[in-house]
Amino acid sequence: MSLFDDDFYSTKIKRSSRWTEQAGMGTGRGSLRIPAAFRIAIVSSLVSAFAVSFLFLLITGTRSPEPSARPALAGGQTLVETSERMISASGKIRPAVVSIVNYTQETGSEEFGTYSGRYQELPEYASLGSGVIFKKKGGKAYIITNAHVIAGAVKINAVLIDGTRKEAKLVGKDSISDIAVLSVDDKGIDVVAEIGSSSNLRVGEMVIAVGNPLGFGDSVTNGIVSFLHRIVPVSLNQDGIYDWEQEVIQTTAAINQGNSGGVLADLEGRVVGINSMKIADTGVEGLGFAIPIDNVMPVVEQIMKYGKVLRPYMGVFSVDLDIYLEFPGYMSGEEGKDGKGEAEPVIPEGVKEGALVLEAVGPAKEAGLRFNDIITELDGKPISGTLDLRKYLYNEKKIGDTLTVTYYRGGKKAETKLTLTEKDAE
């Protein structure tokens, strides 16, 4: 059987003989006659072909031509689309990013440096950083930056994308979170950054970093999110002793000196982090860190309201016990000379971790704590050192709470209670 249920294409009969016989093409001169079956087959074939063609045109005729093949990323997103999104995102966020100049000495009325893409001839007592405008209210524009960017400042300038230089005032800062807020007059400022959410970020997501690296203002770099919720140790006093931990977003976007305080943004141009630090060492690349914006904004809100972050205060200056055990005797004689305490702490057998008190003031002093006491527990929970002590206070307690302190003095275990007060402004 054939497609049309006849024997037109049957291999049983030679086509030449069948055609000759039915068409009258033998030896005679009879006229050409096309048999009915043959005519039916032709009509049937034409109708079928027309129907198929009509359906094809009906389905595809209204579609636009298929685009030429383009390299694709995971999820079907093309490189061209990603590039366009980066361009759009940078165009949206760049006008809200400013360069910060920190003068650590009085400059009087003299202006130092010029801004034309980068700074030139800045004095040695000026340092550079970045910031982002996040709010306008009451004739002022407010800028988020890092606390370390404006450390020791006696004068601060914010430089807009068009080169306009404005004197900035410190609203407040918090060294623990490394966040500061500045204010400038809002004249000529039309763009405010859109605050996004760092909780929606995914590892591998593309991001851009915008800031003022090495004085090259309005610089944009790109990379991916390498790791979320990375915990890095921090030395708050820059003395080489890690006494705090910072949760950060790790990224491959280039972050250099001067990028601090600038923006890490998603491809919608929304702020997802504040660039804070990088690992700079020989052979190290692509290890930049930004503070998640979800951690930044609660700090910013407190600074805007109180001029600082309200944290409970215990009144203890301490060092990790294990550091002392590595260098025994380095504090000897300080207290022993005036009879107020032991020249060196007595370390009970088996006690290897804790916070060794160097000085007690405020609530701690009122509760009876003193030099060489070894704090091992807070509210019955063991602490390994100063970092654990600070984390417990800031994460678990609030101003006005009662704190139970377990400690060793002269090798004997003791306990005291104190009431946490408000920490003075830094």
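Helices (H or I, at least four residues) and strands (E, at least two) are DSSP runs, numbered from the N terminus. On that basis, the secondary structure of the protein comprises seven helices and 23 strands. The model is a predicted one, in which local features need pLDDT of at least 70 and side-chain atom pairs count only at pLDDT 80 or more, while totals for chains, interfaces and linings use all residues. Residues are numbered from 1 along each chain as its sequence is written, and side-chain values use heavy atoms, with hydrogens and water left out.

Some overall figures come first. The protein has 426 residues, and 40% of them count as buried; buried means under 20% relative accessible area, exposed over 50%, and partly exposed in between (1.4 Å probe, protein chains only). A contact means heavy atoms within 4.5 Å. Among contacts between residues at least 6 apart in sequence, 63% join residues at least 24 apart.

The description now turns to a barrel. Six strands close into it in the order β1-β4-β5-β8-β7-β6, with antiparallel pairing; two strands pair if DSSP finds at least two bridges between them. From one strand to the next, the twist averages 40°; axes are lines fitted to C-alpha atoms, for helices over the stretch in contact, and angles run from 0 to 180 degrees between N-to-C directions. Helix α4 packs on the sheet and touches β4, β5, β7 and β8, its direction making about 55° with that of β8.

Strand β4 (residues 126-137) is joined to β5 by five bridges, and the two run antiparallel. Val132 has Ile144 in β5 as its bridge partner. The two strands β4 and β5 form a hairpin with two residues between them, and Gly138 in the turn has a positive phi of about 60°. Six bridges connect β5 with strand β8 (residues 179-185), again in an antiparallel arrangement. In that pairing, Ile143 stands opposite Leu182 in β8. Strand β7 (residues 165-174) pairs with β8 in the antiparallel sense over five bridges, and Leu170 also stands opposite Leu182. The loop between β7 and β8 holds Asp178, which has a positive phi of about 60° although it is not a glycine. Asp178 is buried because its relative accessible area is 12%.

Helix α4 (residues 293-306) has 14 residues and reaches 20 Å from its first C-alpha to its last, close to the 20 Å expected at 1.5 Å a residue; the expected span is 1.5 Å times one less than the number of residues. Its buried residues are Ile293, Val296, Met297, Val299, Val300 and Ile303. An α-helix has 3.6 residues a turn, so residues three or four places apart point the same way. Glu301 also lies in α4, but Glu301 counts as exposed because its relative accessibility is 54%. Glu301 and Val181 are 120 residues apart in sequence and 9.7 Å apart in space, C-alpha to C-alpha. Just after the helix, Gly307 takes a positive phi of about 80°.

A nonpolar core is a set of buried Ala, Val, Leu, Ile, Met, Phe, Trp, Tyr and Cys residues joined through side-chain atoms within 4.5 Å. The largest such core has 27 residues, and those with the most contacts inside it are Ile144 and Val296. Two or more residues come from each of α3 (79-93), β4, β5, β8, β10 (206-211), β13 (263-265), β14 (270-278) and α4. Helix α4 gives the most, with six residues. Leaving aside its neighbours within four places in sequence, Val296 is in contact with Ile144, Ile179, Ile274 and Ile291. Apart from this core lies another, of 24 residues, among them Ala355, Ala367, Leu389 and Leu403.

Two further residues complete the account. Ser90, in helix α3, counts as buried because its relative accessibility is 11%. Not counting residues up to four places away in sequence, Ser90 touches Pro95, Ile208 and Val220. His229, in strand β11 (residues 219-234), has a positive phi of about 60° although it is not a glycine. His229 counts as exposed because its relative accessibility is 55%.
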